[in-house]
Amino acid sequence: MARAAHPEAMKPRTPGRTRTAPPLMPDEFPTRGRYLPYVLFDATGLVYMLVGLAALRVVWDLGSGPEAWGVVQEQLRHPLYVAFHGISLVSVIFVGVRFFRLFPKAQPPKIGPIAPPPEPVITAMLYATWIGVAGVMTVILAGGIF
Amino acid sequence: MKQLLLRIEPMIWLLFGQGILLGTILLTGWLLVVGLGVPLGIVPAEALSYERAHALGSNVVGRLVLLGLCALPLWKGAHHMRSLSIDFGGASRDALVATVLYAIAAAGSAVAVIAVVRL
């Protein structure tokens, strides 16, 4: 009767001598060529983490009542906070532009029986969503509507 | 720990991907108004008076937006900082680094849930 083979049935008893050279970082890493934007893209992780925690603090204070909300609004005016939020905005735009350029290229040829739309259409949809949601959110938060 | 990280990797990738996509989309408007517009006086402070901000944030849509705004960037941040750590020679300490970073993201997400529930 047929049965499943052991997944390591063909594994040699002792590891063979590899002829592969040990991995080395390219000379251009981390600040030259294409590695600089790659490293910066990863480094925006720190900004995202800090801005997420900062937003969490603001939301927490909103739930704590008018006094805490007044205090956090005053603190957000501090030049360091403003500078950090400026850097955060630059990081968010950088991540958006880079990711939205990558996203259409990462699509499979078919999702089930359906082929995804052409790359320019996906890119246009992503930018329309980004600009649309950011625009509506900005107008609502700034008091334009509601 | 490495085995556990491998097992939960699909969930981490889901949260990381949404952190880039939704986090970026939501953070743009937030930073323009809450982070820069009101503090710099470009947007009148009354737009974010307590009563108005609470009314905007305490409905169902507002809570979901605020939850995504707080929690998802933490996962994007954690995963990219892990990747940065590996690239800078930290493969041997990856399990520890990943555990600490994902623990921060998970704890922050849990606090974010509490924060939006108590609005």
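**Gly63(A)**

I began with Gly63(A), which counts as partly exposed because its relative accessibility is 22%; I used the scale on which buried means under 20% relative accessible area, exposed over 50%, and partly exposed in between, with a 1.4 Å probe and protein chains only. Gly63(A) has its place in helix α1 of chain A, where helices are DSSP runs of H or I with at least four residues, strands are runs of E with at least two, and both are numbered from the N terminus. Not counting residues up to four places away in sequence, Gly63(A) touches Arg118(B) and Leu119(B), with contact taken as heavy atoms within 4.5 Å.

I noted for the record that this is a predicted model, in which local features need pLDDT of at least 70 and side-chain atom pairs count only at pLDDT 80 or more, while totals for chains, interfaces and linings use all residues. Residues are numbered from 1 along each chain as its sequence is written, chains are lettered from A and ligands numbered from 1 in the order in which they are written, and side-chain values use heavy atoms, with hydrogens and water left out.

**Chain A against chain B**

I then looked up the interface, where 56 residues of chain B are in contact with 53 residues of chain A. The two chains bury about 4800 Å² between them, 78% of it on carbon and sulfur atoms; buried area here is the accessible area (1.4 Å probe) that two parts lose on being put together, summed over both. On the chain B side, Ile25(B), Tyr50(B) and Arg118(B) lose the most area to chain A, together 13% of what that side buries.

I also looked for salt bridges between chain B and chain A, and the count is zero; the criterion is a side-chain nitrogen of Lys or Arg within 4 Å of a carboxyl oxygen of Asp or Glu.

**A helix pair across the interface**

Two packed helices are described by the angle between their axes and the distance between the axes. By class, the contact of α1(A) with α4(B) has 19 nonpolar, six polar and three charged residues, where Ala, Val, Leu, Ile, Met, Phe, Trp, Tyr, Cys and Pro count as nonpolar, Asp, Glu, Lys and Arg as charged, and the others, Gly among them, as polar.

In helix α4 of chain B I looked up His80(B), which counts as buried because its relative accessibility is 5%. Leaving aside neighbours within four places in sequence, His80(B) is in contact with Phe41(A), Asp42(A), Thr44(A) and Gly45(A), and also with Phe16(B) and Ile20(B).

Gln73(A), found in helix α2 (residues 66-76) of chain A, counts as buried at 10% relative accessibility. With neighbours within four places in sequence left aside, Gln73(A) is in contact with Val38(B) and Leu48(B).

**Salt bridges**

Side chains of opposite charge can pair when their charged atoms come close. I noted five salt bridges over all chains of the structure.

Asp61(A) forms one with Arg57(A), the closest N and O atoms being 2.8 Å apart. These two are separated by about one helical turn, because they are four residues apart in helix α1 of chain A. Asp61(A) is buried, with a relative accessible area of 11%, whereas Arg57(A) is partly exposed at 31%.

Arg77(A) and Glu74(A) meet in a salt bridge at 3.3 Å, N to O; Arg77(A) counts as partly exposed at 32% relative accessibility, and Glu74(A) is exposed at 51%.

The side chains of Lys105(A) and Glu119(A) meet at 4.0 Å, N to O. This pair links distant parts of the chain, with Lys105(A) in the loop between α3 (79-102) and α4 (119-141) of chain A and Glu119(A) in helix α4 of chain A, 14 residues apart.

In chain B, salt bridges that share partners join Lys2(B), Arg82(B) and Asp94(B) into one network.

**Ser109(B)**

My last entry is Ser109(B) in helix α5 (residues 94-117) of chain B, which counts as buried at 14% relative accessibility. Not counting residues up to four places away in sequence, Ser109(B) touches Leu67(B), Ala71(B), Leu74(B) and Trp75(B). The C-alpha atoms of Ser109(B) and Leu72(B) are separated by 7.8 Å, although the two lie 37 residues apart along the chain.
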